[in-house]
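Here is a short briefing for a first look.

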Amino acid sequence: MDPAALPPTLVHNVTNIFGPLGERWLAGFPALLAEVLSDWQLRPSAPFALSINWVAPVQRLDGSSAVLKLGVPAAGHIALEGTALDFFDGRAAVALLARDDARGALLLEHARPGTQLRALVPTQDEEATAILIGAIRRLHRPAPAEIALPDLSTRGASFTRYLHDHPGDDPLPRQLVERANQLFADLCATATERVVLHGDLHHDNVVASDREPWLAIDPHGVIGDPGYEVGALLYNPDPASRDDTVSDLLLARIEQLAEGLGMPIERIVAWGFVQAMLSEVWTVEGNSTVGRRPLAVARALWSHLP
């Protein structure tokens with residue numbers, strides 16, 4: 001496979017996010033793919049829609065179906081995903097069948113039919129939120145001392161970099177970023193417990209499955225306060241959108257999350273605000289345009305902060 005045949009979106013994202021590391025990975029991708037397919041005795045089908053990793057259904061030697069995921073190994077994201085999935089052990093998440101961290105390769109359970117939870121929004125949003133609550137309750141378990149996952153507090157470095165590099169209100173209102181930075185530190189310091197978090201749980205990362213009704217995919221793998229997990233689902237799906245669909249559902253979602261998780265509303269609001277702003281800060285780091293749905297959600301939650 002010629003790297004030039006890879007979708008332009010994947011090439012752009014890998015180059016933009018990972019720089020020279022990504023360029024080298026793209027250049028070596030044909031050989032990498034051939035090696036992994038040969039070593040694991042897999043036959044690939046057409047890839048799924050690609051963003052920053054190459055992901056495709058594959059057939060195993062025994063005729064069963066799986067999913068092969070390849071990503072830039074030096075970036076560490078694939079290794080973290082593998083560690084999180086290994087810990088979840090198929091509990092509310094797709095099963096990890098094989099991994100090769102050095103080559104940035106994961107072989108995963110193929111969840112079928114694979115319909116994303118976003119299909120229930122907005123007409124069945126209460127049901128979708130209930131499904132996410134169920135996933136959170138099953139995924140969250142105390143983090144073992146030896147598990148090789150980063151602490152949630154390390155994500156605060158993005159706020160620090162942003163505030164250093166952007167002294168004014170461009171491209172994000174500095175007051176909102178400063179408040180999010182402060183709240184993030186406070187919430188991490190007052191963590192109710194330390195659990196293994198999915199780290200990016202939302203409507204695109206939960207899919208319909210024949211093994212269980214719904215399974216989580218694509219965990220980021222991080223350790224910290226359980227409340228962090230609610231943040232991404234408050235501004236999803238379609239975070240790049242600027243319409244009011246999700247904003248209109250925001251307060252109902254928060255109330256349902258508080259009841260379903262037994263978590264104070266104030267803490268859910270705070271984590272929702274923090275993660276919405278963190279999403280926009282990451283957007284700035286990725287040289288993309290801000291002012292999307294996360295910022296609208298952060299503004300909506302501003303007046304409800306504790």
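A nonpolar core is a set of buried Ala, Val, Leu, Ile, Met, Phe, Trp, Tyr and Cys residues joined through side-chain atoms within 4.5 Å. The model shown here is predicted.

**The core**
- The largest nonpolar core holds 99 residues.
- Trp54, Leu68, Leu70, Phe273 and Met277 touch the most other members of this core.
- Helix H10 gives the most to this core, with 11 residues.
- In soluble globular proteins, nonpolar side chains tend to be buried together.

**Helices H9 and H10**
- H9 spans residues 250-261, and H10 spans residues 265-285.
- Their axes come within 9 Å and cross at roughly 125°.
- An angle of 65 to 115 degrees would count as roughly perpendicular, and one over 145 as roughly antiparallel. H9 and H10 are therefore oblique to each other.
- The crossing of H9 and H10 is right-handed.
- On the H9 side, the contact uses Ile254, Glu255, Leu257 and Ala258. On the H10 side, Ile265, Ile268 and Val269 meet them.
- This contact of H9 with H10 has six nonpolar residues, one charged residue and no polar ones.

**Helices H1 and H2**
- H1 covers residues 8-18, and H2 covers residues 20-27.
- The two pack at an angle of about 145°, with their axes 6 Å apart.
- H1 brings Val11, Val14, Thr15 and Phe18 to the contact. H2 brings Pro20, Leu21, Gly22, Glu23, Trp25 and Leu26.
- By class, the contact of H1 with H2 has seven nonpolar, two polar and one charged residues.

How values were computed:
Residues numbered from 1 in each chain as written. Predicted model: local features only at pLDDT ≥ 70, side-chain atom pairs only at ≥ 80, totals over all residues. Heavy atoms only, no water. Axes fitted to C-alpha atoms, helices over the stretch in contact; angles between N-to-C directions. Helix = DSSP H or I, 4+ residues; strand = E, 2+ residues; numbered from the N terminus. Parallel < 35°, antiparallel > 145°, perpendicular 65-115°, else oblique. Left-handed = near helix turned anticlockwise from the far one by under 90°. Contact = heavy atoms within 4.5 Å. Nonpolar A, V, L, I, M, F, W, Y, C, P; charged D, E, K, R; others polar. Buried < 20%, exposed > 50% of the residue type's maximum accessible area, 1.4 Å probe, protein only.
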